[in-house]
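This report covers helix packing, salt bridges, backbone angles and one surface patch. The sequence and the structure come first.

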Amino acid sequence: MCAMYVPVVLEEIKGRLKYILFPLFFIAVGFNVITGFGLNEFLYRSYDLYSGRASVEEYKEKAFSTYPAIEFVNQNTPSGSRVLLAGEAKSFYLKRPYKVSSGYDYSILRTYLEKTNTFGEFRQALKSGGFDYIIFNLNEYRRLHQGYQRLPEDQFKKSLDFLKQFTPIFKQNGTYVFKL
């Protein structure tokens with residue numbers, strides 16, 4: 001924001017100081033551009049994609065750990081299947097109707113955990129909610145719980161116990177797909 005006022009200030013400055021500040025301004029802007037590019041590359045590792053060393057699919061899988069599970073659901077489920085994303089706030093590329101909670105909301109499983117006591121009741125509650133599949137990212141589920149306390153501790157443990165009882169139809173890097 002301050003950079004907007006630099007040209008105005010430079011016009012008001014007289015003498016040699018103007019010739020010192022003018023190049024420094026462009027050096028600072030250049031440094032910010034280079035730093036921004038470097039940070040973007042560090043976070044997203046897009047160089048492999050741009051250079052052709054990785055395909056778009058490989059890049060998506062590397063940058064978004066749940067992508068393989070979402071692609072599995074897209075390719076192996078009927079088009080009207082409803083999906084519940086648990087432990088994942090990002091639903092990029094999912095081409096099925098779904099429900100998801102953001103990282104700042106209570107876990108979407110909370111509604112179903114509060115009114116059930118057994119795995120059978122839990123499964124039935126999810127089916128009654130209209131869901132056919134669950135995409136579950138265990139690593140993100142734990143991270144969100146530790147960072148944001150999205151569930152009371154007893155419900156968190158209960159949810160893990162219930163989810164362990166499902167048989168995954170897809171499993172990769174801590175991400176699971178369960179058919180209800």
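The buried residues of helix α8 pack against β1, β3, α9 and β5, where contact means heavy atoms within 4.5 Å. This is a predicted model, in which local features need pLDDT of at least 70 and side-chain atom pairs count only at pLDDT 80 or more, while totals for chains, interfaces and linings use all residues. Residues are numbered from 1 along each chain as its sequence is written, and side-chain values use heavy atoms, with hydrogens and water left out. Helices (H or I, at least four residues) and strands (E, at least two) are DSSP runs, numbered from the N terminus.

In α8 the buried residues are L138, E140, Y141, L144 and H145. Viewed down the axis of α8, these buried residues fall within an arc of 165 degrees, so they line one face of the helix. The arc is that of the directions from the helix axis to the C-beta atoms. Buried stands for under 20% relative accessible area, exposed for over 50%, and partly exposed for values in between (1.4 Å probe, protein chains only). Turned away from the buried side of α8 is a face that carries the exposed residues Q146 and G147.

Helix α9 covers residues 153-164, and its 12 residues should span 16 Å at 1.5 Å a residue; the end C-alpha atoms are 17 Å apart, which agrees. The expected span is 1.5 Å times one less than the number of residues. Buried in α9 are Q155, F156, S159, L160, F162 and L163. Down the axis of α9 these buried residues also fall within an arc of 165 degrees, so they line one face of the helix. They pack against α6 (110-114), α7 (119-128), β3 (133-137), α8 (138-148) and β5 (175-179). The exposed residues D154 and K164 are on the face of α9 turned away from its buried side.

**Salt bridges**

How many salt bridges does a search of the whole structure find? The search finds 3, a salt bridge being a side-chain nitrogen of Lys or Arg within 4 Å of a carboxyl oxygen of Asp or Glu.

| Pair | Closest N to O distance |
|---|---|
| K60 and E57 | 3.8 Å |
| E114 and R110 | 3.1 Å |

K60 and E57 both lie in helix α4 (residues 56-63), 3 residues apart, about one turn of the helix. K60 is buried at a relative accessible area of 17%, whereas E57 is partly exposed at 39%. E114 and R110 are both in helix α6, 4 residues apart, again about one turn of the helix. E114 has a relative accessible area of 49% and is partly exposed. R143 and E140 are 3 residues apart in helix α8, which puts about one helical turn between them. R143 counts as partly exposed at 42% relative accessibility, while E140 is buried at 16%. An α-helix has 3.6 residues a turn, so residues three or four places apart point the same way.

**Loop residues**

Most residues other than glycine have a negative phi. Y93 is not a glycine, yet has a positive phi of about 75 degrees. Y93 sits in the loop between β1 (83-86) and β2 (98-99) and is partly exposed, with a relative accessible area of 41%. Q149 also has a positive phi, near 45 degrees. Q149 is placed in the loop between α8 and α9, and its relative accessibility of 45% makes it partly exposed.

Is S107 buried or exposed? S107 is buried, with a relative accessible area of 5%. It lies in the loop between β2 and α6. Residues up to four places away in sequence not being counted, S107 touches S101, Y141, R150 and L151.

**Surface patch**

L17, I20, L21, L24 and I27 make a nonpolar surface patch of about 450 Å². Patches are made of residues with over 30% relative accessible area and no salt bridge; like charges are joined within 9 Å, and nonpolar side chains (Val, Leu, Ile, Met, Phe, Trp, Tyr) within 5 Å. Accessible areas come from the Shrake-Rupley method with a 1.4 Å probe, and for residues only the protein chains shown count as cover.
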